[in-house]
Amino acid sequence: MYRIAVLPGDGIGKEVTRGAVKVLQAISDRFGHTFQFSYGLIGGEAIDREGTPLPEQTLHMCKQSDAVLLGAVGGPKWDKNPPHVRPEKGLLQIRKEMNLFANVRPVTFYESLAASSPLKPHVIEGADFVIVRELTGGLYFGKPSERRVEKGEEAVVDTLFYKRAEIERIITFAFTLAQKRKKKVTSVDKANVLESSRMWREVAEQVAKRFPDVQLEHMLVDNAAMQLVRSPKQFDVIVTENMFGDILSDEASMLTGSLGMLPSASLSVDGPALYEPIHGSAPDIAGKNKANPLATILSAAMMLRLSFGLTEEADVIERAVKQVLNAGYRTADIAQHGDFVLSTTEMVEKVKDAILDDVAIERIMQVYV
Ligand SMILES: NC(=O)c1ccc[n+]([C@@H]2O[C@H](COP(=O)([O-])OP(=O)(O)OC[C@H]3O[C@@H](n4cnc5c(N)ncnc54)[C@H](O)[C@@H]3O)[C@@H](O)[C@H]2O)c1
Ligand SMILES: CC(C)[C@H](C(=O)O)[C@@H](O)C(=O)O
Ligand SMILES: [Mg+2]
């Protein structure tokens, strides 16, 4: 049995996690696995109901689970809350409390979505890279982070803080991943300005010595932002600090045409991992059955593969997504003029159908081939 903690969160988080759970149930039916789903509050809804963005009960449930599936948090309703009762604080707290330092954001080009991207097909065709984002340090967690009065003037400060060991572990993770891929690491920093980036670069050089089969290049983050749209096919594994990774991964989603396509895994050295789409709660489309569920469904596939070792089942989900896209089914965010637009729930049903077809074909192949 696999114990999955489901944290729907706010806005479309509820809609896309509902869809991913249905897909996992289809996998469970077909492969005979037992997924035990437990639900917890996080983010704005948790604030409304429990007065805190991450209730202790939620954190305990997640720590006791085998993996966590999260939707998204946040929304205008809570945007003026004090810092400690913002929905996003709950997300940062669960990342820190579960030591989820390694955030893996794969960026995959889908042939059938070439027209959905704002980038030219020849630029993106074949692009396939992973952004490895340090997730529990940097500006997000550095202290002080406060407003103050300095020499009679109102001022404010945030702090970009990393221990050398935190930098070393994420870069080591990136090199280990690159060894299993195309053996190239692009370390992104702002070493021409930031001291933290100069240490980052030193550590990358030191770690590289332990991976002689992996190529290391350094790239300044402003150049990297430009290179992502100019020539994304050059990348294999990008490793970078927290804030840069947040920004670059949303930009990278445009290779697929939508934020609604990118999954993520947040991993720790030990203990359960957390899987979530990189997008947010999308208040502008929340409750309209318009959200693209594929990023969350693909995050569930990452869960099966990375947390449960169910590689065939993960492959089935990823193949089903590709089949549905190849068949021309689109949610509004990836639709072109003239496409038949599916709702969130309709897209989920198409993925479930493809899973059932895929498994049927697999069974036939096993029997007759
Ligand atoms: N991991 C998270 O929980 C997470 C991530 C990012 C933003 N947020 C929060 O979400 C709220 C809204 O932030 P935002 O609008 O800047 O970012 P967002 O990612 O929610 O939305 C950005 C744009 O992308 C679209 N979009 C996002 N996901 C989509 C999907 N699955 N299908 C179709 N379209 C999709 C939205 O409609 C919107 O136009 C904020 O409160 C923010 O803090 C949460
Ligand atoms: C909601 C916000 C705190 C979060 C982040 O910046 O990490 C989000 O943008 C993400 O990418 O998961
Ligand atoms: Mg983000």
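Me: Which residues are around ligand 2?
Reply: Bear in mind that this is a predicted model, where local features need pLDDT of at least 70 and side-chain atom pairs count only at pLDDT 80 or more, while totals for chains, interfaces and linings use all residues. Residues are numbered from 1 along each chain as written, chains are lettered from A and ligands numbered from 1 in the order written, and side-chain values use heavy atoms, leaving out hydrogens and water. A residue is near a molecule or strand if one of its heavy atoms lies within 4 Å of it. For ligand 2 that gives Glu88, Leu91, Arg95, Arg105, Arg133, Tyr140, Asp246 and Ile278.

Me: How far is an oxygen atom of ligand 2 from an N or O atom in the side chain of Asp246?
Reply: The cut-off for a polar contact is a pair of N or O atoms within 3.5 Å; within protein, one must be able to donate a hydrogen and the other to accept it, and residues adjacent in sequence count only if both atoms are side-chain atoms. Arg133 has a polar side-chain atom 2.6 Å from a ligand 2 oxygen, and the side chain of Tyr140 has an N or O atom 2.6 Å from an oxygen of ligand 2. For the Asp246 side chain, the distance is 2.9 Å.

Me: On to helices: how is helix 1 oriented relative to helix 10?
Reply: Helices (H or I, at least four residues) and strands (E, at least two) are DSSP runs numbered from the N terminus. Axes are lines fitted to C-alpha atoms, for helices over the stretch in contact, and angles run from 0 to 180 degrees between N-to-C directions; under 35 degrees counts as roughly parallel, over 145 as roughly antiparallel, 65 to 115 as roughly perpendicular and the rest as oblique. The axes of helix 1 (residues 12–31) and helix 10 (residues 294–306) come within 8 Å and cross at roughly 45 degrees. So helix 1 is, relative to helix 10, oblique.

Me: What about helix 1 and helix 11: how far apart are their axes?
Reply: Contact here means heavy atoms within 4.5 Å, and Val23, Ile27 and Phe31 of helix 1 meet Glu312, Glu313, Val316 and Ile317 of helix 11. Helix 11 covers residues 311–326, and the two pack at about 130 degrees with an axis separation of 11 Å.

Me: Are helix 8 and helix 9 roughly parallel or roughly antiparallel?
Reply: Helix 8 (residues 221–230) and helix 9 (residues 242–252) have axes that come within 10 Å, crossing at roughly 15 degrees. Therefore the pair is roughly parallel.

Me: Which peptide bond is cis, with omega near 5 degrees?
Reply: Look in the loop between strand 5 (128–134) and strand 6 (146–150), where Pro144 sits. The cis bond runs from Lys143 to Pro144.

Me: What is phi of Lys183 near?
Reply: Lys183 is in the loop between helix 6 (164–179) and strand 8 (184–189). Its phi is positive, in a residue other than glycine, and near 60 degrees.
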